[in-house]
Amino acid sequence: MIKNLKLILLLILVILFLSNDFVNCKTTPTLDESIEETTKSEEIVTETKPTKSSPITKKPKTTVNPLLSVDSDDTSATSSKKPVDPKFDPKSLFLCGTDIEEDLSVGSNFIAAKSTAKDDPYQCFLNPKNVKFGKAMTLKLENKLCSGAGIISGDSSSGDSSSGSGDSGSGSEVESDDSGKSVVDDDTLVSGKSVISSIPTPINCLDHKISCAEVEHSDKMTYGVYSVVMAAAAASNTVTKIYASTGGKGQYSDIYFKVEGNTTVLKYGYTSYGKVTEFKNTISGSSFSIANNYTFYYSQDTLIWYFNTRQQGEINTKYAGPKSPPPPLRFRISLTNNENKQIKDASLPTVATVKTFTYTSVKCPNDSESEEENNWGPQKASYKYFSSNCTTYRPYWIFNDTLNEELGWTTELSNGTLRVQNTYFQRIGDNIAFGFNEYAKNLRFSNRIAFPIKRHKYLMFWMNGGYKGSQSLAIYLTYKKSKIGSVNLGDFIIGGIQKEHWYKVIIPMKSFQITPPTITLMDGFMIQPTYDGYMDMAYFDDVMFSNGSICMEPLGQMDVFKNGKLENGDPTQSVANVNFDSVAMKYKGKATIEYQIENVNRLQLNFMNGSIGIDEYDGMIFNMFYYPDNAYIYQGQEDLEASQQTYQRPLDCKICLLNEAGTGEFPCLSLSEYVGGIFPSNKWIQLSIPWNDLAVDFYGAHIGGVIVKTDLGGIHQGTLYISQISAAKYKPPHVDDDSSNSFKLLPTTTLNLISILLISFYFLFTF
């Protein structure tokens, strides 16, 4: 009996030691189970239903000062600082900061400035009563009395006079209470406008005849994206300025937009230690007096300015021109008079209206990918999608010709004109047409079951700006009745949405700043204008979540051109300047295809062994190197210095698949629009492109060849070198381990295992 017991115990020990994957058998909960568990353990802090009177659900106002030491016990502005480690580099404090989104209501973090005898930066009197808060923030310029402001004592000082105000770089006093918030009388609590006025008793306004306005944000900011939706003042000879600045006299630096009333000229630029670099662009077909989006991107070496998502200028300060302003910066908006021109009294008062302000900091060094990890350089998110490691996970479709209703998706909560159609701007089959005709209109995709925000890495779709283009849109994640995170669509389409063009939009889910951060679930997303204006119809197709570009099998490919040789490619239909044995730009020591990018040239390779069906392969692989012609990239700016060249033209080049007979083309794929607006230059780029992105994802489709061409005439864009063109299959899809046959060692199981082993050894050696 004892002998049998020993054998049984010995058998148990053998089984335990052989079970390296000894785990709780419930390894991969179902979606419903994970949602139920997450919901039980999660307390939703806010669930605010958006209303028409409150068009954007804002993040809570920032209370953390990003410039305080990380080990500080008190994050308030008045806290005493702890001794600084002598090895600590203070510059590291300014590498990244806290994102900010202002609702511009009463209690906003914007503070109204006041002129003083010591601090009088403009030829007008900064009057806090000219700033009003409400659904928007308004700054006013007017020709009224100073409302009893009187002479301001010269002993007054501003809360942060070192940061400068206006072009002079001198600060101005801020009227605030003990909490640091702006003091605004009850009669000013209307909307946040800035006003200029002409004052008949100049002695009360420091001898100025005009009263004006300026606001300063209470937080210091650093590298990142600064974005304002604003209607500038319409009166002639007024100046509405958006800027972020630092330093006092002699050290003053800033980045800015300037709009002069009743003009079509947009001024933008920057100041570096007193040296001003300014550019001017004429904006046709738009009015500065209606709400427009003004955005600038600020980094240590690069400054980029956008107007309504369209890039106006870019400068690399690392190699040319004055250096970028050093962080930290104070963000300000002002409405003042043109010091050299008189304002007519009849045009006053005049108002600038600020609707939204957002600041998105660059990622902190400890949570961002290095540039070396990204073959595309420090550009947009879609680049990372193509250059990072591929995945075997398949996309999760929301809309592909039809809405995925089987998985619970609906657009019934949308507000506006929505049609599923194929009459206008067809890609493959049907797409969604939606009218963004006012701010309240939104296209909403929602699911009856919530799911984890981190379940997928990317939100992706194709978009066409329709006949109008230039839409300025935001994308919000939703949970129940609340918006819980947002991004600006324009940040993922370089150069803005051009009319009648299809763009592939790729948005990393980690780009959404979730508010409050305790929320881990979402039930959909919505697309909505960033301001109240007519944007016409836009079109959407192939809406999905994804975990990355799908891995292609290296074996079993059909090579058209590879390893310096034509394989299954017949070049006889190519036209003009195309070299299929070029050594000008080798790839791994092998010859490449050299295509001079002009509309008189066409690279065409018909398949020699007959057409292929889309059921035989899953997509195509292209490995390319774009060497641009600077005369094209900087057309019209050739005689300027590098620091003054502000606009880079995107590559206009397409990939088109041929039909079965090899005589007709399917809809072409624009390379720049496929990767977010700008195709990278001077580096090898490999794209694995599925059939649905090449517009041939329909039943029975057969492909007879491939064309690379441009329709842009009259100019040489550069050279495209190609080392590989192949058709390939996907690697098998990811399959989760079968939970019935899978075990993993959990902490509680480990303790039980040790107990069993000890008891077993006791019985073995006792009896």
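Is C390 buried, partly exposed or exposed? Select C390 and you'll find it partly exposed, with a relative accessible area of 42%. For these words, buried means under 20% relative accessible area, exposed means over 50%, and partly exposed is in between (1.4 Å probe, protein chains only).

Before we move on, a word on what's on your screen. This is a predicted model, in which local features need pLDDT of at least 70 and side-chain atom pairs count only at pLDDT 80 or more, while totals for chains, interfaces and linings use all residues. Residues are numbered from 1 along each chain as its sequence is written, and side-chain values use heavy atoms, with hydrogens and water left out.

**Stop 1: the partner of C390**

C390 and C551 form a disulfide (a pair of cysteine sulfur atoms within 2.5 Å), and here the sulfur atoms are 1.9 Å apart. Look along the S-S bond: with 100° about it, this link is right-handed. C390 sits in the loop between α3 (381-387) and β19 (396-400), and C551 in the loop between β30 (537-546) and β31 (558-562), so the pair ties together parts that are 161 residues apart in sequence. The helices and strands named on this tour are DSSP runs numbered from the N terminus (helices are H or I, at least four residues; strands are E, at least two).

**Stop 2: C124 and C212**

How many disulfides does a search of the whole structure find? It finds three, so pick another one by selecting C124 and C212. Their sulfur atoms are 2.1 Å apart. The torsion about this S-S bond is about 85°, so the disulfide is right-handed. C124 lies in the loop between β2 (110-114) and β3 (125-126), while C212 is in strand β8 (residues 210-221), so parts 88 residues apart in sequence are tied together. C124 is buried, with a relative accessible area of 0%, and C212 counts as buried at 0% too.

**Stop 3**

Next, select C656 and C668, which are joined by a disulfide (S to S 2.0 Å). This link is right-handed, with 105° about the S-S bond. C656 is in strand β39 (residues 654-658) and C668 is in the loop between β39 and β40 (669-670), 12 residues apart. C656 is buried at 0% relative accessible area, whereas C668 is partly exposed at 33%.

Now click on C653. C653 is in no disulfide, and the nearest cysteine sulfur, that of C656, is 8.8 Å away. C653 counts as buried, at 0% relative accessibility.

**Stop 4: the sheet around β39**

Show β39 as a cartoon. Four of its five residues are buried, so β39 is largely enclosed by the rest of the structure. Which strands does β39 pair with? Two bridges join β39 to β40, and five join β39 to strand β43 (residues 705-709); two strands pair if DSSP finds at least two bridges between them. Both pairings are antiparallel.

Zoom out to the open sheet of five strands, in the order β33-β36-β43-β39-β40, with antiparallel pairing. β33 (569-570) and β40 stand at the edges, each with a single partner strand, so one side of each is left without a neighbour in the sheet. Finish at β33, where two bridges join β33 to strand β36 (residues 603-607) and D570 stands opposite N606.
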